[in-house]
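Subject: Structure handover

Hello,

Please find it here, with my notes after it.

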Amino acid sequence: MRSKFGLIILICLIIGLVVFVFMPRMKKYSESQLLMGTIVEVAVCYDSRTEDKVQDTVDHVWSKLHEISNSMSLQVADSDVVKLNLASPKSVKCSPETYSLLKKAKYFSEITKGAFDVTVAPSIALWKKGSIENVLPNSKEIDNISRFVGSEHIQILPSNYARLLERNASIDLGGIAKGFAVDEASNIFREQGFKNFLIDAGGDIYVGGKNCKNKKWRIGIRDPKDKSRVTHAVELTDAAVTTSGDYERYFEIQGKRYSHIIDPRTGYPQKGVVSATVIAPNAVMADALSTSLCVLNVNQGTALIDALGSEVASFTLLKKGEELEEYVSRNYEKMRVKLESFSKTDY
Ligand code: AMP
Ligand code: MG
């Protein structure tokens, strides 16, 4: 009886060894480029069966990212966004991607009750002008502009056409375009048969499947007080994580810093939230929501995240005097891992 048992164990060990030796090894391939005003990294895990397709797929991902960046940039003269802004109130035929993103932008404006709004562009322009001229915008200018702000000014028409109904309205997709680009890139990896990958567009991250060590991806969230440090870490698979905050980009007027995220309901830069991280099933959702959480009252923002289901979570840091107060949504802790177990070279 005992020798029979020993034999079974031996057979199992041999099978395990054979599987281990012949199992295709995962390797990592990654590339980075300067794009959309940030460093974008794409990394993919592949084995001998998919090796031939890696470079072509990564090239395809880059061309998609460039295409999206070009059609959604305010800096590219013939981008869809510039055309829509200049043509208003006339309609413009957009790329299918811009068209789809405009619909999503309107949706996020609706669910955040106007805290997220891509038509905030005229207010952004006012604060930008203020920072160039070193003069604070006055309340009259701020109020005058607020009537051009509101997602109801975006009209979605059939066959990829859209228009801004108000002549002085304009849009800025900066709060959502990177997330969208990351999702489109993820779709390409999946279509080409890669399920384990990471796309990081300057902190707007999506991780597909597992990392190249066959473990869930671990992502560090930077400490807004010291960017070289990580304050929290989360463990994810097939999910996005994005962080918005007032610590990296801001307007400086008369020696004071103002957030680059504007509350569309008031026309003033947001205050209080120093950093907001959102985890969601896709990057466009995470991107729009992390920007929104910087605008919303922290309790309302966290309640909104809780209402969006078990796959959505948030971690918000609120300035209280010299201290930072942490607010986490209901599902956050189950995605969090101890900092001690986080290493930057995890994948
Ligand atoms: P993010 O880094 O994703 O939070 O996006 C910030 C960018 O979104 C800003 O630089 C603006 O281009 C744009 N933005 C600012 N305020 C808002 C807002 N309330 N809703 C939508 N987009 C905004
Ligand atoms: Mg965003």
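Predicted model: local features only at pLDDT ≥ 70, side-chain atom pairs only at ≥ 80, totals over all residues.

Overall

The protein has 347 residues, and 50% of them count as buried. Its secondary structure amounts to nine helices and 18 strands. If you take the contacts with a separation of 6 or more, 63% are between residues 24 or more positions apart.

The sheet S8-S9-S18

An open sheet is built from three strands, in the order S8-S9-S18, with antiparallel pairing. Strand S8 (217-223) and strand S18 (336-337) are the edge strands; each has a single partner strand, so each has one side without a neighbour in the sheet. In general, the strands of a sheet are paired through backbone hydrogen bonds, in a parallel or an antiparallel manner.

Between S8 and strand S9 (residues 226-236) there are seven bridges, in the antiparallel sense. One residue pair to look up is Arg 222, whose bridge partner in S9 is Val 230.

Glu 333

Glu 333 lies in the loop that runs between strand S17 (323-328) and S18. Glu 333 and Ile 221 are 112 residues apart along the chain, and their C-alpha atoms are 14 Å from each other.

Helices H7 and H8

Helix H7 (residues 177-191) and helix H8 (residues 283-295) have axes that come within 7 Å and cross at roughly 165°. H7 is therefore roughly antiparallel to H8, as angles over 145 degrees are classed that way. The crossing of H7 past H8 is right-handed.

On the H7 side, the contact is made by Ala 177, Lys 178, Gly 179, Phe 180, Val 182 and Asp 183. H8 contributes Ala 283, Val 284 and Asp 287. By type, the residues of this contact are five nonpolar, one polar and three charged.

That is what I have on this structure for now.

Regards

Note on methods:
Residues numbered from 1 in each chain as written. Chains lettered and ligands numbered in written order. Heavy atoms only, no water. Pairing = 2+ DSSP bridges. Helix = DSSP H or I, 4+ residues; strand = E, 2+ residues; numbered from the N terminus. Axes fitted to C-alpha atoms, helices over the stretch in contact; angles between N-to-C directions. Parallel < 35°, antiparallel > 145°, perpendicular 65-115°, else oblique. Left-handed = near helix turned anticlockwise from the far one by under 90°. Contact = heavy atoms within 4.5 Å. Nonpolar A, V, L, I, M, F, W, Y, C, P; charged D, E, K, R; others polar. Buried < 20%, exposed > 50% of the residue type's maximum accessible area, 1.4 Å probe, protein only.
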